[in-house]
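Let's take a walk through this model, from one annotated stretch to the place where two chains meet. Have the viewer open as you read.

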Amino acid sequence: MGSVKIRVKDTNLYYGNHHALKNINMDIYDKSVTALIGPSGCGKSTFLRCLNRMNDLIPNVRIDGEIQIAGNDINKYDVILLRKKVGMVFQKPNPFPMSIYENIAYGPRIHGTKNRSKLDNIVEKSLREAALWDEVKDRLKSNAMGLSGGQQQRLCIARTIAVEPEILLMDEPTSALDPASTMKIEDLMENLKKQYTVIIVTHNMQQAGRISDYAAFFLNGEIIEYDKTEKIFYKPMDKRTEDYITGRFG
Amino acid sequence: MNDIKIITSSRIKERVAFFLLWIFSIFTAIILVLIVSDIIIKGAPHISLDFLLEEPRKMGKEGGVFSVIVSTIYIVVLSIIFAAPIGVAASVYLAEYAKESTMLNIIRFGTEALAGIPSIIYGLFGYSFFVFFLDLKYSILSGALTLTLMILPTIIKTSEEAIKAVPKSYREGSLALGATKLQTIRKIIIPDAIPGILTGLILGIGRVVGESAAVLYTAGSSLGIPDSIFRPGRTLSVHLYTLASEGISIENTYATAVILIALVFIINFSANTLINRIFIARRR
């Protein structure tokens, strides 16, 4: 068990009057993959978006409790620094409508890297880490929208890595992809967790089983059970977790 | 049997609907062709290099339209220089920053109402405010300022729609990388909305070029070449109006109309090409 990277204490979230996250307490460990599982609408994506304060963008959202990253309250971070530290990959690949190179260079540029050769290095390094370099190295100048869905998603991962985050949030990153692309991304996760703390929301039980070290089962805004993945999958404590894992509902 | 009948009747409806839609679209196209060809047939024979490069003589009965073209370009360029930044800035504010509120609704309502006001009203306002109150006299500047007010609502509305149409996922992607709102707007949203914003600007240019009443009241109808923006001038539309309404010369009226159409075409075409070069090509 590694050290605690993110500590979530008594966190509640309300959309207007709707109590969407109920009393969440969770320690997320450094350099590991934590999977958030549960039926649609159970609050797992909402929880993920708390961690980089993307919920700030939605009006009428109220959050209480405390979330710490490396011991510091995330509300005390400048939101820009927080989001640099906590990268996010979305459900639908969302490359910007510009070249592959520009997509990766966008992040470092807005954070102040101007030097061309430095940017070249970042682009190559990020694309290599995202296992995309060999496929695109000859067409870095072509539009990212021309890539396949799976390539676009790896590009989005590369784009996120390019700003050197410590934590990677992934919101169902493979749900819009075909099985072959999904496999590539899952393989990639193995490598990513050596450097980053990865938190992934997934609807795919086999995926959670294959790639995660820890798993949290969400139901109706609560964490029902959170433990090592093998425990959640083979020896769940709660009947509801077992029912969900074995496909009895969801 | 019954099954077959139902299918047949909806097939017929389908055919009829298709036919009607086709007829109406062809009808529109035919009207456009009729208007343009009528003008070109009557006007083109009177156009020559001399007509383009000579100044009008005898109130436009003889000579060309050089000074009129120059005044038109002055007014168009100046109006767009004023209206584009104001319009785009306002639309960015409305689409990205403004929170839903009564004030915002008032601004939106105001913009839409302004877009529907007849141009002659703008002319009257420009006449009393710019020409007299600010003492800008009949001048290219008075005309351009008046037209700026006239086309702003259109530009704001179209740009706002274009900005709102930028996928939310681009914004999220950018903000999640730690970009500020301003960086996201400048580097992701505006470039993606450019084609829509451009449409607004082109519509605006179209109205400026085509406007006669509001210009007549504010920029005057002087036939000389304006040597500065503080001098009066006559645009093509005003020239056309004057030539026709005072019965000065039918030939030159049509010839002027041809040039007006050509000018609109050239402006649209070059604006498109220019923006493509600057914004789209860079993103490939």
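Start with chain A, where the UniProt annotation "domain: ABC transporter", from an unreviewed entry, covers residues 6-245. Keep in mind that what you're looking at is a predicted model. Within that span, 39% is helix and 27% is strand, and the end C-alpha atoms of residues 6-245 sit 25 Å apart.

As for head count, chain A puts 27 residues into the contact and chain B puts in 18 residues.

What about the polar side of things? Across the interface, five residue pairs are in polar contact, both partners at pLDDT 80 or more. The salt bridge count between chain A and chain B is one: the side chains of A:Arg49 and B:Glu172 meet there, at 2.8 Å from N to O.

Which pieces of chain A supply at least two residues each to the side that touches chain B? They are helix 2 (79-85), strand 6 (86-89), helix 3 (100-110) and helix 6 (149-161). By residue type, that side of chain A splits into 14 nonpolar, eight polar and five charged.

Definitions and conventions
Residues numbered from 1 in each chain as written. Chains lettered and ligands numbered in written order. Predicted model: local features only at pLDDT ≥ 70, side-chain atom pairs only at ≥ 80, totals over all residues. Heavy atoms only, no water. Contact = heavy atoms within 4.5 Å. Salt bridge = Lys/Arg side-chain N within 4 Å of Asp/Glu carboxyl O. Polar contact = N/O pair within 3.5 Å; in protein donor to acceptor, adjacent residues only side chain to side chain. Helix = DSSP H or I, 4+ residues; strand = E, 2+ residues; numbered from the N terminus. Nonpolar A, V, L, I, M, F, W, Y, C, P; charged D, E, K, R; others polar. UniProt positions renumbered as here; feature names shortened; annotations may be inferred.
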